[in-house]
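This briefing walks through one protein chain for a reader who is new to structures. Please keep the sequence and the model in view while reading.

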Amino acid sequence: MNGTSCSGNNEDPFANAKAHYNPNNCKHPYHAGDLPPLIENNGFSYMNVLINKFKLDDIIGKVIIIHDMPDDFTTQPSRKFWK
Ligand SMILES: [Zn+2]
């Protein structure tokens, strides 16, 4: 979560979403915008997160991207997978 649009181009369909929200210049997976893994069951998922890495006003209007493949928690920046 950093950009304000999920739009992009043919090469990077989410380019305008920008990088992970990272106001403290940390490495991934310690960005303020790195949320816990989202677990799905039969195509459905629900997440409730209690987090103190940002305040609500810091992220209003920013996009949230759900990656379609698991994070390895080491690749810098995080891996991108497009289908
Ligand atoms: Zn990150």
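The model discussed here is predicted, and its protein chain has 83 residues, of which 6% count as buried.

**The chain as a whole**

- The secondary structure of the protein chain comes to one helix and zero strands, and Gly 3, for instance, is found in the segment before that helix, H1, which covers 56-59.
- When contacts in the protein chain between residues at least 6 apart in sequence are considered, 42% of them join residues at least 24 apart.

- Most residues other than glycine have a negative phi, and most peptide bonds are trans.
- Asn 42, which is not a glycine, has a positive phi of about 55 degrees, and this residue is placed in the segment before H1.
- Asn 42 counts as exposed because it has 5 C-beta neighbours inside 10 Å, and the limit for that class is 12 or fewer.
- Asn 25 also lies in the segment before H1, and its phi, near 55 degrees, is likewise a positive value in a residue other than glycine.
- Asn 25 has 6 other C-beta atoms within 10 Å, and therefore it is exposed.

**A cis peptide bond**

- His 28 and Pro 29 are joined by a cis peptide bond, for which omega is about 15 degrees.
- Pro 29, the second residue of that pair, belongs to the segment before H1.

- If its neighbours within four places in sequence are left aside, Gly 3 is in contact with Asn 16, Ala 17, Lys 18, Lys 62 and Val 63.
- The C-alpha atoms of Gly 3 and Ala 19 are separated by 7.5 Å, although these residues are 16 residues apart along the chain.
- Asn 22, in the segment before H1, has 18 C-beta neighbours inside 10 Å and so counts as partly exposed.
- Not counting residues up to four places away in sequence, Asn 22 touches His 31, Ala 32 and Gly 33.
- Between the C-alpha atoms of Asn 22 and Lys 53, which are 31 residues apart along the chain, the separation is 9.8 Å.

Technical notes:
Residues are numbered from 1 along each chain as its sequence is written. This is a predicted model: local features need pLDDT of at least 70, side-chain atom pairs count only at pLDDT 80 or more; totals for chains, interfaces and linings use all residues. Helices (H or I, at least four residues) and strands (E, at least two) are DSSP runs, numbered from the N terminus. A residue is buried if 20 or more other C-beta atoms lie within 10 Å of its own, exposed if 12 or fewer, and partly exposed in between; C-beta atoms are placed from the backbone. Two residues are in contact if their C-beta atoms, placed from the backbone, lie within 7 Å.
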